[in-house]
Amino acid sequence: MTRHLAYLAYGTALLALLGFAEYRGWSLLRTSETRNVPRSVRDNPGAYRSPYVGGGRILRGK
Amino acid sequence: MVAAPPVAVRALRCPSCGAAIEQRGFDHTRSVACASCFAVLDAADPSLRVLTRFAGHLRVRPQIPLGTRGQVGGAPYEAIGFMQRSIAVDGERYAWREYLLFNPYRGFLYLTEYDGHWNLVRTVRALPERVHQGGRLAARYGGDTFRHFQTAVAGTDFVLGEFPWEVRAEDRAEVRDFIAPPRVLSAESTDDETAWSLGEYVTGAWVWKTFELPGRPPAPRGVYANQPSPFAAARRSVWQVFMLFLIALVAMAAVRYADAPAQVLRESRQLAPGQLDPYVTESFTLGGRTSNLEVRVGSDVSNSWFYLVFALVDEGSGRAVDFAREVSYYEGVEGGERWTEGSRTDRVRIPSVPPGRYYLRVAPELAPDAVRPVSYTLTLRRDVPSGGFYAVALLLLLVPPVWVTARAAAFESTRWMESDYGSATGNAAASDGEDDD
Amino acid sequence: MTRRTATCPGCGAAIEFLWSSAVQTTCAYCRSILVRHDVALERVGVVSDLPATASPIQIGTAGRWGASAFQVVGRIVYEHDRGAWNEWHLVLGDGRSGWLSDAQLEYALTFLVPAPPALPPAADVRRGQQLRIGGGRYEVTAVTPARYRGVEGELPFEYWDKRTVRFADLRTPGAAFATIDYSEDPPLLFAGEAVEYDALSLQNVRSFEGW
């Protein structure tokens with residue numbers, strides 16, 4: 001059993017990383033961007049400009 | 001009772017060239033080779049008649065000089081004889097060397113060497129049993145099963161020193177080797193009899209240390225028949241460690257998937273051409289620690305698409321996370337077969353959202369040629385497990401045991417390439433050097 | 001055991017018996033072969049020069065086999081194509097007779113089997129034949145014609161001036177070993193096991209120049 005010290009360390013680190021990622025809610029993919037918005041958006045949603053606006057025309061299917 | 005005097009060493013003179021010959025094997029020696037003219041003499045004959053000579057000019061220098069002594073199994077042995085033998089396989093000659101080790105009380109041992117691989121061999125007096133294992137010839141001895149490795153006819157090419165039998169240049173013996181690494185069982189057959197011997201693989205380092213030889217032993221080349229596999233024991237135990245990790249991984253997943261994630265928001269909306277104003281959802285609280293947020297869109301879209309531009313806004317800090325999702329679904333019948341493309345639902349996970357009070361700002365878009373309104377439902381769930389992580393962890397955990405297993409198999413494949421069976425490995429699990437520790 | 005003494009009828013030397021049940025012995029001084037009729041010794045022949053054998057065992061060698069202690073008291077020397085070998089006669093603490101054969105330093109310890117099973121006759125015995133002895137499976141591994149070369153010391157029977165004798169060696173998958181001696185009719189069976197030198201704890205063995 002002790003001959004696999006490297007494997008034990010590697011696997012334990014892997015599972016620890018997995019546990020931490022699950023705990024903190026990490027993701028492998030980058031699906032979003034973050035920035036600050038003015039408080040007025042709540043009252044005037046139309047004034048908000050998202051970097052994703054207009055993508056629908058490019059991303060759509062058929 | 002008068003004590004007998006010590007058995008004396010005889011000093012001989014070669015009748016062929018007159019050189020002095022020292023006899024180290026006492027009266028056990030039947031043949032002795034003159035170190036100067038290489039004639040092999042009959043030691044039992046008072047006039048030392050010449051028994052045989054080896055044709056050709058092959059001269060081989062033994063790596064263990066004759067007369068060297070070493071401790072083997074707690075007793076001193078002296079190298080008194082040396083021979084080079086060879087077999088012919090597929091037109092190629094393979095030569096190896098044998099050293100005869102002698103102790104006047106315990107008898108004879110042999111040390112064989114081929115391509116830097118050494119074996120310590122002793123005569124076996126019990127009879128091995130012939131059996132079959134895995135469709136192949138094998139021999140059972142001492143509780144172990146030895147698999148047949150090679151059969152070949154061996155001839156002697158060159159000798160030095162003494163031997164307890166009559167050596168003749170035209171000697172031929174059929175040699176059959178059976179292996180159970182690190183041991184090898186060999187049968188040497190002549191017309192008169194079959195002699196069995198058991199060899200144990202030893203390293204060049206052991207030989208050099210035992211006989212206190214200068215310099216370094218020659219590096220071994222390739223994999224030898226009964227060379228123990230350095231991966232054999234590791235191959236089993238590494239999978240045992242993997243099983244431990246697998247159990248831990250399954251336990252982690254069980255804990256994680258045990259409780260259903262909390263649903264923090266569920267809202268339904270309808271999209272129709274002209275009714276596409278951006279809006280904000282109700283506020284909702286994300287409690288607990290920083291974790292992810294799953295946004296699920298379920299709809300009844302059919303042969304069309306819609307696009308939702310989201311901003312997850314933190315009421316307290318004013319920070320927003322922007323993301324957008326497209327939902328499209330198409331179906332039809334072509335040539336009698338139904339086809340579909342896309343999906344009516346979409347799921348995305350927003351990572352590392354700190355706790356706080358949030359709302360979602362949504363800006364929908366609809367396909368310009370949409371004819372029917374689309375209804376959709378937003379479902380938000382907090383702290384959702386990421387199944388992909390577990391799959392990735394499993395794959396990464398598999399890498400070391402798979403690698404060790406592959407290397408062990410490659411080692412065995414190389415071993416069996418030298419055998420009569422070419423590159424067939426047969427039952428690999430039974431052929432490698434497994435030691436239970 | 002108390003040692004019996006007698007006088008050699010050939011040269012008058014004192015003969016001391018190591019073994020009380022010795023039937024035959026030799027005189028170390030005049031090499032006469034002497035057969036014992038209770039206390040009186042009858043001279044029946046002379047032993048010629050024994051061939052030089054480098055056996056480490058000699059008369060007087062003591063050892064242990066399992067739990068029994070033994071002493072070497074005599075020998076018979078044979079010769080064949082491979083060379084000479086010795087059948088050392090040894091006596092155990094309980095008075096039993098045993099034989100330690102030394103053939104090119106391969107040792108086997110055997111005892112005479114008093115009621116042997118049916119043995120193949122000398123003309124029929126072949127390599128590869130299978131035999132059942134005492135529940136064990138034995139296979140004939142060698143049939144050896146040998147020449148008697150001489151005797152020395154104390155033997156449990158009368159044995160001298162034989163000519164060619166035939167021996168069959170039998171082996172098993174284990175350490176068990178047996179020999180059929182065709183010098184008598186019916187042939188004699190000796191059964192025992194192959195042994196390693198170190199297992200016998202031998203003492204008072206011969207010394208070798210340089211060792």
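**Chat: chains A, B and C**

Q: Which chains have the most contacts between them?
A: Of the two pairs of chains that touch, A and B have the most contacts; two residues are in contact if their C-beta atoms, placed from the backbone, lie within 7 Å. This is a predicted model, where local features need pLDDT of at least 70 and side-chain atom pairs count only at pLDDT 80 or more, while totals for chains, interfaces and linings use all residues. Residues are numbered from 1 along each chain as its sequence is written, and chains are lettered from A and ligands numbered from 1 in the order in which they are written.

Q: And what about chain A and chain C, how far apart are their nearest C-alpha atoms?
A: Those are 36 Å apart, and the two chains do not touch.

Q: Back to A and B, how many residues are in contact?
A: 53 residues of chain B are in contact with 41 residues of chain A. The side of chain B that touches chain A has 33 nonpolar, 10 polar and 10 charged residues. Here Ala, Val, Leu, Ile, Met, Phe, Trp, Tyr, Cys and Pro count as nonpolar, Asp, Glu, Lys and Arg as charged, and the others, Gly among them, as polar.

Q: Which strands pair between the two?
A: Strand E1 (residues 33-36) of chain A pairs with strand E22 (residues 319-334) of chain B, antiparallel, over four bridges. A pair needs at least two bridges found by DSSP. Within this pairing, A:Arg35 stands opposite B:Ala320.

Q: What elements does chain A have?
A: Two helices and one strand, running α-β-α from the N terminus on. Helices (H or I, at least four residues) and strands (E, at least two) are DSSP runs, numbered from the N terminus.

Q: OK, H2 of chain B: what does its buried side pack against?
A: Helix H1 (5-24) of chain A together with helix H3 (387-417) of chain B. The buried residues of H2(B) are B:Ala234, B:Arg235, B:Val238, B:Phe242, B:Phe245 and B:Arg256. Buried takes 20 or more other C-beta atoms within 10 Å of a residue's own, exposed 12 or fewer, and partly exposed is in between, with C-beta atoms placed from the backbone.

Q: Why is B:Lys209 partly exposed?
A: Because B:Lys209 has 13 other C-beta atoms within 10 Å.

Q: How far is B:Lys209 from B:Glu326?
A: Their C-alpha atoms are separated by 74 Å, and the two residues are 117 residues apart along the chain.
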